[in-house]
Amino acid sequence: MPYQRLSVIGAGSWGLALASAAFRAGRDVTVWARNPAYAATLAQTRESARLPDLRIDEGIAITSELDAATRCDALLLAVPAQAMREVASQLTALITNGMPVIACAKGIERGTAKFMTEVIAQAAPNAAPAILSGPSFAADVARGLPTAVTLAAQDERTAASLCRALGSDTFRPYHSTDLRGVEIGGAAKNVLAIAAGVVSGRGLGASAAAALTTRGFAELMRFGRALDARPETLTGLSGLGDLILTCSTPQSRNFSLGLALGKGLSPLEAIAEAGLAEGVYTASVLQEMARSRDIDMPVVDAVADVLGGALTIGEAIERLMTRPFRAEA
C-alpha cells in the first residue's frame, strides 16, 4: 500500500470521522488539532462532543504538532473551505514534493473565486492536490454506516491508490481525474440545500421540494458544463448524489439554515442557529461566477440575494414562480 500513513488535519466532526474511516481501512492514522489543550483532551478521553457517538480508537495518534502530523504519505485537510488557504500555507515547508493533499471541504474561496484544489496548489506548490466529496454525513461515516464518495486527483493512478488506501467494507471511494466536476458539485449543492430548507421551513410541500431540487440540479449542470466538468461527474456521487442528500434532511447544516430562514428567522439569526454552513460563504461567490459567464442560475441568485438582504423569502419565491415560461431544456 503506497499510502499507509495518513494524517488528518482538523479534529472537527468530519476530520474525526475520516480518521476513523481510514483506521478501519487498516491505515496508520494521525489527527492534528490546532488547540493543544483540545488535542490533549481528545488523546486522553477518546471522546468528542462534536461526535458524541464516536469512540476514537486508541490506535489513532492525536497531536497539535504539525511536524508530527506531516510525517505521512498523504494528508487530508478536513478544515472549513474559507480556512483552507491559511492551513495549507502553514504546511508548505513540511510537505514533501508530490505528496497528495486531499481537500475535504466543499466550497469556493471568497475574494479569489478559487476552488479548494486551486487554493492548495497556490498555497503549497509542492503538494499534489486532490479532492474528496460526495453524499456523506460525518456521523454516518464515524459509525461505520455504508457510504460512497468520489476522490479526484490529476493523476488517475494516484486517485486510484488513494481510494484503495481509504476504502473499506463500509467506506467506498470512487476515483476520478475530474477535479473541477467534483468541486463544483460539492460547492453548488450547499447553496441549493439552503433553498431546499427554505421550501421545507415555509411549508411549501413535497411537490415544491422536488421541483426545487430538480431545477437546482439543472443549474448545477449548466454551471458545470461551462467550466468543462464531465457530465458523468455531475450526475454521480459528488454531484447529484450529494445534492439529494443535503436537500432532504435537517442533518445538513445548509438545509437547517434554510429551514430557519423559511420559518421567519433573519439571515443572521438563521446562521447563528444552524452553525457553520459553507453555503453561506459560497452563495455570493457562485452568483458572481455565474453572472460573469452569463450562466442562468435563478435559485442560486435567490439564495444569495436573501442572505445578502436584497430580498425577503416571500419576494424570492415570487421572483422564481413568476419567471417567464420556457422549455425544459
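Reader: Where is the place of R46 in terms of helices and strands?
Author: R46 sits in the loop that runs between α2 (36-45) and β3 (61-63). Helices (H or I, at least four residues) and strands (E, at least two) are DSSP runs, numbered from the N terminus. This is a predicted model, in which local features need pLDDT of at least 70, side-chain atom pairs count only at pLDDT 80 or more, and totals for chains, interfaces and linings use all residues. Residues are numbered from 1 along each chain as its sequence is written, and side-chain values use heavy atoms, with hydrogens and water left out.

Reader: Why is R46 called buried?
Author: The relative accessible area of R46 is 6%. Buried means under 20%, exposed over 50%, and partly exposed in between (1.4 Å probe, protein chains only). R46 therefore counts as buried.

Reader: What is the phi of R46?
Author: Phi of R46 is positive, near 60°, in a residue other than glycine. Most residues other than glycine have a negative phi. A113, which is not a glycine either, also has a positive phi, of about 60°.

Reader: Why does A113 count as partly exposed?
Author: A113 has 27% relative accessibility, so it counts as partly exposed. A113 is placed in the loop between β5 (100-103) and α5 (116-123).

Reader: What makes N35 partly exposed?
Author: N35 has a relative accessible area of 42% and is therefore partly exposed. The loop between β2 (28-32) and α2 holds N35. From N35 to A11, 24 residues apart along the chain, the C-alpha separation is 9.5 Å.

Reader: Why is helix α15 described as largely enclosed by the rest of the structure?
Author: In α15 (residues 298-307), 10 of the 10 residues are buried, so the helix is largely enclosed by the rest of the structure. Its buried residues include P298, D301, D305 and L307. Their packing partners are α8 (179-201), α9 (206-226), α12 (253-262), α13 (267-274), α14 (278-292) and α16 (313-321). After α15 comes G309, with a positive phi near 85°.

Reader: Which residues of the largest nonpolar core touch the most other members?
Author: F223, L257, L261 and L286 do, in a core of 49 residues. A nonpolar core is a set of buried Ala, Val, Leu, Ile, Met, Phe, Trp, Tyr and Cys residues joined through side-chain atoms within 4.5 Å. At least two residues of this core come from each of α8, α9, α12, α13, α14, α15 and α16. The most is given by α8, with 11 residues. Another core, of 40 residues, lies apart from it, with A22, I56, C104 and L162 among its members.

Reader: Which residues does L257 touch, not counting those up to four places away in sequence?
Author: L257 touches I194, A270, I271, A274, A277, V280 and L307 on that count, contact being heavy atoms within 4.5 Å.

Reader: Why does C247 count as buried?
Author: C247 is at 10% relative accessibility, and so it counts as buried. C247 belongs to the loop between α11 (237-246) and α12. Beyond its neighbours within four places in sequence, C247 is in contact with L192, A193, A196, T213 and F255.

Reader: What makes S161 buried?
Author: S161 has a relative accessible area of 7%, and is therefore buried. S161 is part of helix α7 (residues 156-166). Its contacts, leaving aside neighbours within four places in sequence, are M1, P2 and Y3.

Reader: How many helices and strands does the secondary structure of the protein come to?
Author: The protein has 16 helices and 8 strands. Its radius of gyration is 19 Å, close to the 20 Å that the globule rule gives for 329 residues, so the protein is as compact as a globular protein of that length. The radius is taken over C-alpha atoms, and the rule is 2.2 Å times the number of residues to the power 0.38.

Reader: What share of the 329 residues do buried residues make up?
Author: Buried residues account for 55% of the 329. Of the contacts between residues at least 6 apart in sequence, 69% join residues at least 24 apart.
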